[in-house]
Amino acid sequence: MSRAPRALRLTGLLASTVLLTATAAACGSDSDSAAGTKGPEGSSASGGAFPVTLAHKFGSTTVKSEPKRIVTVGLTDQDAVLALGKVPVGTTEWLGGYKGAIGPWAKEELGGAKAPVVLKDSGTGPQVERIAALKPDLILAVYGGLTKTQYESLSKFAPVVAQPKEFNDYGVPWQRQTEEIGKALGKPAEAKKLVTGVEDRFAAAKKEHPEFAGATGVVATPYEGTFVFGSQDPRSRLLADLGFTLPKDLDKVIGDEFGANISKERLDLLDQDAALWIAPDTTSSVRKLHADKIYGDLGVAKQGREVFVKETSDYGNAVSLSTVLSIPYVLDRLVPQLAAAVDGKPSTKVENPAS
C-alpha cells in the first residue's frame with residue numbers, strides 16, 4: 001500500500017492501540033522544554049476560573065489551577081492554546097513539518113517565545129516518555145482519538161482533557177475545541193470571543209456570496225481511489241459553515257468515521273455544485289481524475305465545479321487543520337475559489353491562490 005497522504009494520516013492514528021507504560025512519569029527532565037507563557041498584556045487566566053471540571057469521552061477531568069506547562073496531544077490543539085495567549089511546552093506534529101508544529105497563520109501568536117518541543121505520533125500513540133519528560137501540568141487531547149488505555153496512562157502524571165464524547169474521534173468542531181481549551185486554561189470568555197470573531201468571518205462571506213446557501217458541496221482526496229470526508233470532519237464543516245449543504249446520504253455511506261473510501265458505484269456523491277479536492281498536485285491530479293471515465297463524465301468535472309487545494313502547501317495544511325487561527329487564512333483563499341466554482345459558468349476558471 002502506498003504511503004497515506006499527509007491529510008489522511010489520521011487513519012494510522014485511529015488504529016493505534018499501543019499500551020502506554022505508567023512508569024513514564026518518573027523519566028527524563030525538562031531541559032528541552034519551551035516557555036509556557038507568552039506574556040502579552042491580558043493573557044493571564046482569571047484566578048476565579050479554577051478549579052474547573054471538563055466532561056469528555058472518558059468521564060471528566062478537573063484542572064485545579066492555572067496550567068503553566070501545557071502539552072498538546074490533540075493534533076490541532078496548539079492553535080487554540082496560542083490564540084488564548086499561552087505557548088505549549090510540547091506539541092504533537094501532524095502536518096507541515098513546521099518548527100514547533102506552528103503554521104504560518106499562528107506565528108504571530110508565538111511572538112518571541114521559544115517554540116514548543118515537537119512530539120510525533122506515527123500511529124503508535126503519544127510519546128509518553130517524552131511527554132513525561134516535559135513535566136506537564138495539563139495535557140490536551142481535544143482534537144484527538146485517544147484510547148482509554150492511553151488516556152489512563154497519561155492521566156497518571158497530569159490532568160488530561162480528552163475529546164468530547166458526542167463527537168467522533170478527530171471530529172470535534174473548531175468552535176467546541178476552542179471553547180473546551182478556553183475552559184481548561186481559565187479563559188472561557190476569551191475563547192467565546194475568539195469563536196465569535198471567526199464566525200463573523202463566515203457570516204461576512206455568506207452575506208457576500210448568497211449563492212453558497214443554495215449550493216451543495218463535498219470534500220474528497222484521491223487516496224487509494226477516492227476518499228470522501230464525512231460531515232464531522234473539519235474540512236467538510238468548512239463548507240457547511242459557509243452555507244453549503246453536504247450530500248444527504250454522505251454519512252450513511254461513510255459510517256461512523258471522519259471519512260472513508262468509496263466505490264466507483266458511489267462516485268455520484270462527488271457530483272455536487274462544488275467538489276473540494278485535497279490533492280497531491282493540482283495539475284496532475286486533475287488529469288488523473290478526469291481520465292477516469294465515470295468521474296470525468298460527471299457534471300462537476302465537465303462544468304468546472306472543482307476546487308483543488310495542494311495538500312502539502314501551507315494552504316492545504318491550513319484547510320486540514322481548520323482551527324480558530326487557520327480558518328481566517330483559509331477563507332481568504334477558499335471563498336474566491338468556491339465563488340468561481342458555483343457561478344454557473346463552465347468557462348470560469350477556478351484559480352489557485354498565489355500563496
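**Strands, contacts and salt bridges**

Modeller: S1 and S2 form a hairpin, with two residues between them. Helices (H or I, at least four residues) and strands (E, at least two) are DSSP runs, numbered from the N terminus. This is a predicted model, so local features need pLDDT of at least 70 and side-chain atom pairs 80 or more, while totals for chains, interfaces and linings use all residues. Residues are numbered from 1 along each chain as its sequence is written, and side-chain values use heavy atoms, with hydrogens and water left out.

Biologist: Okay. How many bridges join S1 to S2, and which way do they run?

Modeller: Five bridges, and the two strands run antiparallel. Strands pair if DSSP finds at least two bridges between them. As an example, His-56 has Gly-59 in S2 as its bridge partner.

Biologist: Which residues of S1 are on its covered face?

Modeller: Val-52, Leu-54 and His-56. Thr-53 and Ala-55 are on the uncovered face. In a regular strand, side chains alternate between the two faces of the sheet.

Biologist: Let's zoom in on H10. Is Ser-285 buried or exposed?

Modeller: Buried, because its relative accessibility is 6%. The cut-offs are under 20% for buried and over 50% for exposed, with partly exposed in between (1.4 Å probe, protein chains only). Ser-285 is in helix H10 (residues 284–291). Not counting residues up to four places away in sequence, Ser-285 touches Ala-279, Pro-280 and Phe-308; contact means heavy atoms within 4.5 Å.

Biologist: How many aromatic pairs does the structure hold?

Modeller: Twelve. Rings of Phe, Tyr and Trp (its six-membered ring) pair if their centres lie within 6.5 Å; planes under 30 degrees apart are stacked, over 60 edge-to-face, the rest tilted. Trp-277 and Phe-308 are stacked, because their ring centres are 6.4 Å apart and their planes are at 10°. Trp-277 is in strand S11 (residues 274–279) and Phe-308 in strand S12 (residues 306–310), so the pair ties together parts 31 residues apart in sequence. Both residues are buried. Elsewhere, ring pairs link Trp-94, Tyr-143 and Tyr-170 into a cluster.

Biologist: New topic! How many salt bridges turn up in the whole structure?

Modeller: A search finds 14. That takes a side-chain nitrogen of Lys or Arg within 4 Å of a carboxyl oxygen of Asp or Glu. One joins Lys-183 and Glu-180, at 3.3 Å from N to O. They're three residues apart in helix H6, so about one helical turn separates them. Lys-183 is partly exposed at 38% relative accessibility, whereas Glu-180 is buried at 6%.

Biologist: Which residues are in the salt-bridge network with those two?

Modeller: Glu-166 and Arg-176 are linked with Glu-180 and Lys-183 in that network. Leaving aside neighbours within four places in sequence, Glu-180 is also in contact with Leu-54, Ala-55, Val-142 and Pro-164.

Biologist: And which residue forms a salt bridge with Asp-271?

Modeller: Arg-305, with the closest N and O atoms 3.3 Å apart. Arg-305 is in the loop between H12 and S12, and Asp-271 in the loop between S10 and S11, so that pair links distant parts of the chain, 34 residues apart. Arg-305 counts as buried at 14% relative accessibility, and Asp-271 as partly exposed at 33%.

Biologist: What about Val-300, buried or exposed?

Modeller: Buried, at 0% relative accessibility. Val-300 sits in helix H12 (residues 299–302). Beyond neighbours within four places in sequence, its contacts include Asp-271 and Arg-305.
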